[in-house]
Amino acid sequence: MRTLITGGAGFVGSHLCERMLAEGHEVLCVDNFITGSEANVQHLRADARFTLIRHDISHPIEIEGPVDNILHFASPASPVDYLRHPIPTLKVGSLGTHNTLGLAKAKKARYLLASTSEVYGDPEQHPQREEYWGHVNPIGIRGVYDEAKRFSEAMTMAYHRSHGVDTHIVRIFNTYGERMRLDDGRVVPNLMGQALRGEPLTVYGDGSQTRSFCYVADLVEGIKRLLYAEFHEPVNLGNPNEVSILDFAKEILDLSGSKSRIEFKPLPQDDPRVRRPDISRAQKILAWQPKVERREGMRRTLEFFRAKAQG
């Protein structure tokens, strides 16, 4: 198998590169390093089956030889990153999706799009099922990411229906684990970084908003199963174990042994109040559900951040 992964030097992408190599694939990792890091895949470069290609997938790419699988994971994915890079975020969701789908069509490759729970926006349905169309502000500051992903889903389905491309769509809910950036702005690295530095832990609003956190190894297992499934509509992958942000901050304080206090700040614009996946489709089609308990996953992640801070 020859597998191309865009955004392959990112947080989730690097874990996918690692997994596909372990499955015996030749891996082509494409990244322009706006938010990815060569350090995430440095340990893979000694493997002759691994190729790192520096390229912005918003521009066309030519790949010699066969390609069996294309996984399109290129995109800024945290609010800090997509608010810093709004136009590249829109481009990689539209032009990047178009380019990778065109390559999949030409190579007759299996295709998997990394979409997001953000397509549901600030949801009026809870938990979120794949049939729910969402509640998104298209011109809000988060719209550059939300609408890029909604458009990429529409284009992926169009290529499947019009050209017969073997496409798959994963809607990824909050995922955490090793190789996240401490400065990427998402809740796990934010709170863990503050706890490790002895700073106040920032909780927005009153902390009653909820999230559901999935450990990266569980997510990667679900993605691998979806890639080979005979199913083409979106599939939620995430952990349905919901927790309030305030309780989550308290868990981090307990786990880290930090003496930091909790500091409350105003809620950002269009920040979702609730977020929990309905994973019944993944359970039925993929026989998948997360296995790593949140406390264990958080312990591993905290160890990673602690080692990185000390190194």
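Predicted model: local features only at pLDDT ≥ 70, side-chain atom pairs only at ≥ 80, totals over all residues.
Tyr120, Tyr132 and Phe173 form one aromatic cluster.

Tyr82 belongs to helix α2 (residues 79-84) and Tyr145 to helix α4 (residues 143-163), so the pair ties together parts that are 63 residues apart in sequence. Tyr82 and Tyr145 are both buried.

A further pair is formed by Tyr120 and Phe173, with ring centres 6.1 Å apart and planes at 40°, so this pair is tilted. Here the partners sit in loops: Tyr120 in the one between β5 (110-116) and α4, Phe173 in the one between β6 (167-172) and β7 (175-176); the pair therefore ties together parts that are 53 residues apart in sequence. Tyr120 and Phe173 are likewise buried. The table sets out the geometry of the two pairs.

| Pair | Centre-to-centre distance | Angle between planes | Class |
|---|---|---|---|
| Tyr120 and Phe173 | 6.1 Å | 40° | tilted |

Ser14 lies within helix α1, which covers residues 11-22. Its relative accessibility is 0%, so Ser14 counts as buried. Within the chain, the Ser14 side chain reaches the backbone oxygen of Phe11 at a distance of 3.0 Å. When residues up to four places away in sequence are not counted, Ser14 touches Gly8, Asn40, Val41, Leu44 and Arg179.

Lys105 is part of helix α3, which spans residues 86-107. With a relative accessibility of 41%, Lys105 counts as partly exposed, because that class lies between the 20% limit for buried and the 50% limit for exposed. Apart from neighbours within four places in sequence, Lys105 is in contact with Tyr159, His163 and Val165. For Val165, the C-alpha atom is separated from that of Lys105 by 5.9 Å, although the two residues are 60 residues apart along the chain.

Conventions: Residues numbered from 1 in each chain as written. Heavy atoms only, no water. Helix = DSSP H or I, 4+ residues; strand = E, 2+ residues; numbered from the N terminus. Buried < 20%, exposed > 50% of the residue type's maximum accessible area, 1.4 Å probe, protein only. Contact = heavy atoms within 4.5 Å. Polar contact = N/O pair within 3.5 Å; in protein donor to acceptor, adjacent residues only side chain to side chain. Phe/Tyr/Trp six-rings, centres within 6.5 Å; stacked < 30°, edge-to-face > 60°.
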